[in-house]
2 protein chains.
Amino acid sequence: MVDVLEILKKYSESIDREINKSLISIDPKSLRKASEHLIKAGGKKLRPSLVVLTCEAVGGKPENALKTAAAMELIHTFSLIHDDIMDKDELRRGEPSVHVLWGEPMAILAGDTIFSKAFDAILETKIDDVSSSRVLEALKTVVDSCIKICEGQACDMGFEEKFDVKEKEYLNMIYKKTAALIAAATRSGAILGGGSPEQVEALSEYGRLIGMAFQIQDDYLDVISDEEEIGKPAGSDIVEGKMTLMVVHTIEKASPEDKEKLISILKSGSEDQVEEAIALFKKYDSIEYTRNIALNNVKQAKELLNILDDSESKEALLHIADFVLQRNF
Amino acid sequence: MVDVLEILKKYSESIDREINKSLISIDPKSLRKASEHLIKAGGKKLRPSLVVLTCEAVGGKPENALKTAAAMELIHTFSLIHDDIMDKDELRRGEPSVHVLWGEPMAILAGDTIFSKAFDAILETKIDDVSSSRVLEALKTVVDSCIKICEGQACDMGFEEKFDVKEKEYLNMIYKKTAALIAAATRSGAILGGGSPEQVEALSEYGRLIGMAFQIQDDYLDVISDEEEIGKPAGSDIVEGKMTLMVVHTIEKASPEDKEKLISILKSGSEDQVEEAIALFKKYDSIEYTRNIALNNVKQAKELLNILDDSESKEALLHIADFVLQRNF
């Protein structure tokens, strides 16, 4: 199996350089430090790499995509910082969250600053190489995904303690919260690379599909993997009472008694009933169902790449699609 | 005296329509309601009107500036919502703040959504009427001011309990926090209207100067006006221990004893010593000094408008500059 982490490393140095260039001028220093913290804590740079790879895959120069690539990582980081405040998550990438270290006001502000810097970066794209109208189109794509991220987070917050979420609603939430930004990465890359309208659409859809698969696979791995594999206790979504595709599917299919049982397990927050919840998922084929959706999404995503000429970046995009189904992503 | 509120009303209906168009599609409804709240609570629409007026003043069509005008109001609103969370302000425009009504997570998200919608609005500018490169230039101006707003708020937070702030630092803070957005409004209007580089610079500087004057005058009015005039108890900045240009000036000029006395008054939070603080401001000519800076800024701002041909919108910009020195703005 090709090591996708190696693929992602190919451009990560140039991407990091752009990100650093963008944040270095933030003044006062306290705001700069808070803004840099999470970025410096690492991350695999999936989203920015997708911008560069899709730009290249349609025949564009990778350097024309670097500013927008940096912007995608900045937007991802901004949303993590604000989400951690909202969800009261105190750890991120193995480090204390920004609001834990600098307090909520500074964390809100760091997110806002990084968000602004993302647009600033895109606007730095050299107009001599990429036409103004293409930059505007890429920007539109990115801005649209930002609105969706906010809407997705609001939907997710609305799902708390709500157990009648329909599958369609759930899929719409993960589309907005996770897949839309990945689709914006692949779409903006294709736009900046000068892809044909068909290529832009195909790569946009490729991004959406692997983004969906990524989140759905995350749901799936929680119940089928052991702790070592996924880096957190298996079944922890169940203990946390989290909405997942398996929960949604089981609740839609289950008898009134089973439905009630599952809801009471999810509400209990107890680790003792994880096996019982998994048994219910199995009874209604929800684990298989979830797995199949993820697999199908990846399959479709890869088929869409047929629109591209063969190239190293096309190969990379194929591997990334497969990698979404792996652990530790 | 010309009624500037009447001038601001001229475009406010069209601006409101653009803003509503922008927010109506936010989904889920809870997020939309939280996002609309502060906008619906009113506001004088100074910033958006400046975009339209400067566009017209350089010979542009006002309708080409309407989307960016809406964006400026959205950005102003986003910053108020987040500032209110950070500063724990529970009232805004006579209504409970967004975070008081919807909680902090939803208020953070409403701010983020409105912020995204602002860029979305600018990108909706009709490219047939305004060239892509002009839209990009206007966007750059706006994004740059957003970074400054964040930096200004961080500086302001850093000033708390710090009494050795230099005049230059203080002026830099109010530039970033308040004047930069007003300068972005006048600059982007001039760009979208197709103004010459000299006109763009002059109108940008006009915006900066009236923005500075607006904030400095606010400091001044706090000590020279009565409660009825300014809508809050006179001297309330002193009671709150707020950094103002008068405080900065007095602390820079005062004898060690007077400096210590003023700092202890500001730290006390007591209403009994307001008169004593004002006496110290007077002793070091800080009130006169502050007033003169505001007056000079407005004078310079108006002179810069000489670059424009005579028109109704030029007249309006002249009146707005004067109005900045009035109460209740």
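In this predicted model, the two copies meet through the same surface, because 100% of the interface residues of chain B are also interface residues in chain A.

**The contact between the chains**

On the chain B side, 35 residues are in contact with 35 residues of chain A. The elements of chain B that each give two or more residues to this side are α2 (29–40), α4 (66–86), α6 (104–123) and α7 (132–159). Helix α7(B) gives the most, with 16 residues. By class, the side of chain B that touches chain A has 21 nonpolar, 8 polar and 6 charged residues.

**The nonpolar core**

In soluble globular proteins, nonpolar side chains tend to be buried together. Here the largest nonpolar core has 223 residues, and the members that touch the most others are A:A118, A:I122, A:I210, B:A118, B:I122 and B:I210. What does B:I122 touch, leaving out residues up to four places away in sequence? Its partners are B:K67, B:T68, B:A71, B:V135, B:A138, B:L139 and B:V142.

B:I210, one of those core members, is also among the residues touched by B:I182. B:I182 sits in helix α8 (residues 167–192) of chain B. It has 27 other C-beta atoms within 10 Å, so B:I182 is buried. Not counting residues up to four places away in sequence, B:I182 touches B:R47, B:L50, B:G207, B:I210 and B:G211. From B:I182 to B:T54 the distance is 12 Å between C-alpha atoms, although the two are 128 residues apart in sequence.

B:F281 is 217 residues from B:N64 along the chain, and the C-alpha atoms of the two are separated by 47 Å.

**Two helices**

Helix α16 of chain B covers residues 312–323. At 1.5 Å a residue, its 12 residues should span 16 Å, and the end C-alpha atoms are 16 Å apart, which agrees. The buried residues of α16(B) are B:S313, B:A316, B:L317, B:I320, B:A321 and B:F323. Seen down the axis of α16(B), these buried residues fall within an arc of 160°, so they line one face of the helix. Among the elements of chain B that cover them are α1 (4–23), α3 (46–57), α9 (197–224) and α15 (286–304).

Helix α5 of chain A covers residues 66–87. Its 22 residues should span 32 Å at 1.5 Å a residue; the end C-alpha atoms are 31 Å apart, which agrees. α5(A) is mostly covered, with 20 of its 22 residues buried. Just after α5(A), A:K88 takes a positive phi of about 55°.

**Backbone exceptions**

Most residues other than glycine have a negative phi, and most peptide bonds are trans. The table lists some sites that depart from this pattern.

| Site | Feature | Value |
|---|---|---|
| A:D27 to A:P28 | cis peptide bond | omega near 5° |
| B:D27 to B:P28 | cis peptide bond | omega near 10° |
| A:R93 | positive phi | near 50° |
| A:D285 | positive phi | near 55° |

A:P28 lies in the loop between α2 (12–23) and α3 (29–40) of chain A. B:P28 is placed in the loop between α1 and α2 of chain B.

A:R93 lies in the loop between β1 (91–92) and β2 (95–96) of chain A. With 13 other C-beta atoms within 10 Å, A:R93 is partly exposed. A:D285 is found in the loop between α15 (274–283) and α16 (286–304) of chain A. A:D285 also counts as partly exposed, with 14 C-beta neighbours inside 10 Å.

Conventions
Residues are numbered from 1 along each chain as its sequence is written. Chains are lettered from A and ligands numbered from 1 in the order in which they are written. This is a predicted model: local features need pLDDT of at least 70, side-chain atom pairs count only at pLDDT 80 or more; totals for chains, interfaces and linings use all residues. Two residues are in contact if their C-beta atoms, placed from the backbone, lie within 7 Å. A nonpolar core is a set of buried Ala, Val, Leu, Ile, Met, Phe, Trp, Tyr and Cys residues joined through C-beta atoms within 7 Å. A residue is buried if 20 or more other C-beta atoms lie within 10 Å of its own, exposed if 12 or fewer, and partly exposed in between; C-beta atoms are placed from the backbone. Helices (H or I, at least four residues) and strands (E, at least two) are DSSP runs, numbered from the N terminus. The expected span of a helix is 1.5 Å times one less than its number of residues. The arc is that of the directions from the helix axis to the C-beta atoms. Ala, Val, Leu, Ile, Met, Phe, Trp, Tyr, Cys and Pro count as nonpolar, Asp, Glu, Lys and Arg as charged, and the others, Gly among them, as polar.
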